[in-house]
Amino acid sequence: LVGFSTGISNRYRYRVRKMKLSFDNLPAAFKGFKLVQISDIHTGSFDDHRAVAEGIERVMHQGADVILFTGDLVNNVADEVDDKFKEIFSRLKAPMGVYSTLGNHDYGDYVEWPTREAKKANLERLKGIHGEVGWRLLMNEHVVLERGGEKIAIVGIENWGNKAHFPKYGDMSKAYEGLQEKNVPFKILLSHDPSHWRGEVLEKYKDVDLMLSGHT
């Protein structure tokens, strides 16, 4: 697992954090499997396309089998992701795909919209951007990855916050639909807010082996 992060005060000082994880139930075909997690890009906070491109190059240098983005692509509105940023983000590639989820900032909840329709249109635009750059956005759903005849699942849910001011859009029951029948022994959950782990997952979804979050 390679985590890729930065803070707003050091927005172009990218840090790569590497962790080796082991699980007794991980299928043998996935031994040595490398995940790269990116989170909380908050595109509206960037004003230097070249510096962002350097960050993306650093991600690609990790040689991931799969890239996972855990939410907050923008601060507030889809228009933060201009055409240049879209071109840069589309450079993220991995043999088994790039998968993403939404964070609390992606819904436009912190903006005063003229109409409910305008807010909805902004969200639809942002969801479309994930597809335009080649990311598979998981909206309370799952995908199964196969390698050497063995399988793991990536479950991605919408934002699930454990505090009143962080909305619960995530729906684990919906994301799990049809998964149990597939007999997948190992599950990775993408959930933007880490409070979701103790708030729901640990008690009700004990078969989640690894949860990846951002937010904090």
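Q: How many bridges join S7 to strand S8?
A: Seven, with S8 covering residues 150-156 and the two strands running antiparallel. Strands here are DSSP E runs of at least two residues, helices are H or I runs of at least four, and both are numbered from the N terminus. Two strands pair if DSSP finds at least two bridges between them.

Q: What am I looking at, by the way?
A: A predicted model, where local features need pLDDT of at least 70 and side-chain atom pairs count only at pLDDT 80 or more, while totals for chains, interfaces and linings use all residues. Residues are numbered from 1 along each chain as its sequence is written, and side-chain values use heavy atoms, leaving out hydrogens and water.

Q: OK, what stands opposite Val143?
A: Ile154, in S8.

Q: And what's the strand order in that open sheet?
A: S7-S8-S9-S10, four strands with mixed pairing. At the edges are S7 (141-147) and S10 (210-212), each pairing on one side only.

Q: Switching topic: where does Glu80 lie?
A: In the loop between strand S4 (66-70) and helix H2 (83-89).

Q: What does its side chain reach?
A: The Glu80 side chain gets to the backbone nitrogen of Gly44, at 2.7 Å.

Q: Which residues is Glu80 in contact with, leaving aside neighbours within four places in sequence?
A: His42, Thr43, Gly44, Val74, Asn75 and Phe85, with contact meaning heavy atoms within 4.5 Å.

Methods:
A polar contact is a pair of N or O atoms within 3.5 Å; within protein, one must be able to donate a hydrogen and the other to accept it, and residues adjacent in sequence count only if both atoms are side-chain atoms.
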